[in-house]
Number of protein chains: 2
Amino acid sequence: MMFAPLQNDSFLRACLREPTPHTPVWLMRQAGRYLPEYCATRAKAGSFMGLATNVDFATEVTLQPLERYPLDAAILFSDILTVPDAMGLGLSFAQGEGPRFAHPVRDEAAVAALEVPDMERLRYVFDAVTSIRRALAGRVPLIGFSGSPWTLACYMVEGAGSDDYRLVKSMLYGRPDLMHRILDVNARAVAAYLNAQIDAGAQAVMVFDSWGGVLADGAFQRFSLRYTQQVVGALQRHKDGQRVPVIVFTKGGGPWLEEIAAIGADVVGLDWTVNLGRARAAVGDRVALQGNLDPNVLFAPPEAVAREGAAVLDSFGRPQRPDGRWDGHIFNLGHGISQFTPPEHVSALVEAVHRHSKTLR
Amino acid sequence: MMFAPLQNDSFLRACLREPTPHTPVWLMRQAGRYLPEYCATRAKAGSFMGLATNVDFATEVTLQPLERYPLDAAILFSDILTVPDAMGLGLSFAQGEGPRFAHPVRDEAAVAALEVPDMERLRYVFDAVTSIRRALAGRVPLIGFSGSPWTLACYMVEGAGSDDYRLVKSMLYGRPDLMHRILDVNARAVAAYLNAQIDAGAQAVMVFDSWGGVLADGAFQRFSLRYTQQVVGALQRHKDGQRVPVIVFTKGGGPWLEEIAAIGADVVGLDWTVNLGRARAAVGDRVALQGNLDPNVLFAPPEAVAREGAAVLDSFGRPQRPDGRWDGHIFNLGHGISQFTPPEHVSALVEAVHRHSKTLR
């Protein structure tokens with residue numbers, strides 16, 4: 001495949017701790033319900049999965065935020081539960097509710113039956129990656145993604161979102177052998193899935209360990225981080241002569257920052273509870289950092305949004321160190337953007353990040 | 001008031017970093033729905049608030065877990081929202097849902113109208129404290145408690161529990177002046193409330209900053225910790241010649257452990273994401289630590305419960321240091337016990353904590 005040359009490589013450069021003229025910014029869930037044009041496309045598609053499985057619709061919504069805002073990266077529009085769906089668990093989205101699996105994995109037989117799915121069942125995702133990459137025409141890089149082995153396991157065992165993770169933790173503490181088998185299958189599936197996204201055109205990949213932070217110290221390392229590390233170790237890191245950065249984001253992972261930074265990823269995502277300056281001092285010479293504005297800041301007036309965005313940049317500090325080398329910072333939210341966000345507040349944020357970060361160079 | 005002399009002071013001693021023959025253990029929400037006898041009393045009372053506002057019922061349920069398990073402390077049975085209810089916000093508990101306020105605090109006029117409530121409106125709480133203390137007859141000490149100023153503010157502004165804290169954070173970022181006014185009123189009210197509990201017989205008090213962990217770094221310090229510190233600074237610390245320990249627990253507060261340990265509390269509560277050994281190394285010479293088993297461990301078989309309980313103790317290590325001085329550890333869960341917990345698993349935990357902790361002495 002031949003793709004257009006990249007015009008704005010600030011995101012990839014920051015991932016690799018190379019100099020950039022400004023701090024690159026993108027937003028988790030930037031293609032989403034807060035945008036009226038997204039809602040219009042989704043209405044045409046009929047459902048969330050109708051949107052995610054249709055290459056044209058997925059391409060359309062992925063590019064929508066880039067038409068509004070000078071964002072420095074695009075992220076594949078998809079769902080984190082595509083992989084367990086391809087395993088045959090039967091994903092559905094009930095109206096007004098979260099995702100649900102028809103066949104949750106709760107007993108020995110169900111665990112034994114799990115297999116890495118044929119990647120052909122996820123062809124719609126890889127086709128979307130290629131289509132989006134072509135439509136981007138080199139404007140900004142495209143990020144692919146997957147849920148982490150542990151985060152997928154939470155949904156697979158619980159069968160849906162959960163307040164307390166009772167079922168999955170009962171299995172973890174009561175039948176750790178079953179849990180390890182699920183996680184190993186998931187790790188191999190996620191690695192194959194991300195490698196196929198890279199083959200299809202993804203220029204960076206991100207592993208969302210959205211529920212790693214619900215685990216206890218000790219359990220996190222054994223049941224989440226270990227399998228994320230297995231994924232990272234199995235990824236192709238170069239494609240067509242370009243380095244493909246890997247981002248790992250554990251929401252609530254602040255207590256384990258140094259351990260997360262040691263598993264081989266290029267970038268570690270941070271939620272808003274983490275002090276960026278302290279995180280940089282601890283691991284900034286080994287990994288780039290991505291984050292970490294509280295998405296609720298976007299409900300405040302645009303002046304406050306701009307001020308809080310600048311405060312995040314100040315907290316990281318000047319990316320060039322006194323010794324001349326650069327540390328990497330990618331500006332992002334510490335969680336997906338809320339559907340209730342006023343779109344014009346996002347303009348204020350992106351503009352402020354670009355403007356203020358130039359003053360730190 | 002004259003109360004019976006205390007027979008088991010291991011909890012108070014551990015709070016003050018004094019030697020104890022075993023690690024004391026109590027469980028957040030130990031008087032709760034996982035106990036059939038609690039459900040029976042609640043059925044008699046008709047409702048949650050019917051239970052909490054009736055001195056006899058509150059005394060009965062507070063003592064129930066002590067009849068089953070050799071716990072080392074009792075905690076007042078009450079709700080964290082009694083104070084805003086006394087401010088006139090109109091607390092209710094809809095069937096099968098969480099708490100709800102009829103009059104949430106969302107605009108300038110509502111904020112201006114807020115006042116520290118007359119403590120006489122909370123007399124039912126103080127009467128319960130005295131009644132429970134008498135009924136305990138010196139078996140174990142009684143802990144009083146309150147929500148933190150920030151945690152109360154979350155409910156007061158949102159009007160109920162929240163997934164995203166959108167309303168309260170919108171006020172925080174958009175109208176910080178209003179938020180500071182709410183928090184100052186709350187801090188003064190909470191201090192008066194806890195001091196009255198101490199006057200009524202509480203032998204230690206705990207501030208639950210249950211939602212401090214949803215705040216961003218920086219915002220946590222300005223909007224939660226500062227006001228918890230105001231409360232701690234306003235508390236009477238001795239009563240009848242005895243030190244009254246103060247426990248502060250911020251769920252998700254791991255990133256700010258050193259700052260929390262510096263506000264003057266005797267004990268810092270930790271959730272299960274925090275490594276107890278590292279926390280002890282960081283602040284164990286200044287405060288005792290309370291925590292931090294994941295309550296979901298209690299769904300595992302009793303052998304696993306005992307093993308995980310022992311692992312928490314091992315993570316803290318031998319409480320007596322090589323220099324002969326003692327660091328303080330109170331065993332607890334990192335969150336309230338689930339209503340789905342099998343009561344016999346709690347027996348296994350309490351027994352294991354007592355047994356294993358003796359081997360660490």
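Two strands are taken to pair if DSSP finds at least two bridges between them. Helices (H or I, at least four residues) and strands (E, at least two) are DSSP runs, numbered from the N terminus. The model is predicted: local features need pLDDT of at least 70, side-chain atom pairs count only at pLDDT 80 or more, and totals for chains, interfaces and linings use all residues. Residues are numbered from 1 along each chain as its sequence is written, while chains are lettered from A and ligands numbered from 1 in the order in which they are written.

In S4(A), Ile143(A) is the bridge partner of Ile75(A). Two bridges join S1(A) to strand S4 (residues 142-147) of chain A, and the two run parallel. They belong to an open sheet of seven strands in chain A, ordered S1-S4-S5-S8-S9-S10-S11 with parallel pairing. Strand S1 (74-75) and strand S11 (329-333) of chain A are the edge strands, each pairing on one side only. Helix H14 (residues 302-316) of chain A lies across strand S10 (288-293) and S11 of chain A. This helix runs at about 150° to S10(A).

Chain B also holds an open, parallel sheet of seven strands, in the order S1-S4-S5-S8-S9-S10-S11. Strand S1 (74-75) and strand S11 (329-333) of chain B stand at its edges with a single partner strand each, so one side of each is left without a neighbour in the sheet. Within this sheet, strand S9 (residues 267-269) and strand S10 (residues 288-293) of chain B pair in the parallel sense over three bridges. Val268(B) has Leu289(B) as its bridge partner in S10(B).

Axes are lines fitted to C-alpha atoms, for helices over the stretch in contact, and angles run from 0 to 180 degrees between N-to-C directions. Angles under 35 degrees count as roughly parallel, over 145 as roughly antiparallel, 65 to 115 as roughly perpendicular and the rest as oblique. Residues are in contact if their C-beta atoms, placed from the backbone, lie within 7 Å.

Helix H8 (residues 149-158) and helix H9 (residues 166-174) of chain A pack at an angle of about 105°, with their axes 8 Å apart. H8(A) and H9(A) are therefore roughly perpendicular to each other. H8(A) contributes Ala153(A), Cys154(A), Val157(A) and Glu158(A), and H9(A) contributes Leu167(A), Val168(A) and Met171(A).

H8(A) also meets helix H10 (residues 176-200) of chain A, where the axes come within 9 Å and cross at roughly 120°. H8(A) and H10(A) are therefore oblique to each other. Residues of this contact include Trp150(A) and Met156(A) of H8(A), and Leu183(A) and Val190(A) of H10(A).

The two chains were then compared. Copies are superposed by least squares on the C-alpha atoms of residues with pLDDT of at least 70 in both. A rotation of 180° with 0.0 Å of shift along its axis superposes chain B on chain A (RMSD 0.0 Å). The two copies are thus related as by a two-fold rotation axis. Pro255(B) comes closest to this axis among the residues of chain B, at 3.2 Å (C-alpha). The same surface serves both copies, as 100% of the contact residues of chain B recur in chain A.

The contact takes 29 residues from chain B and 29 residues from chain A. On the side of chain B that touches chain A, helix H9 (166-174) and helix H14 (302-316) of chain B are the elements that give two or more residues. H9(B) provides the largest share, five residues.

Technical notes: Contact = placed C-beta atoms within 7 Å.
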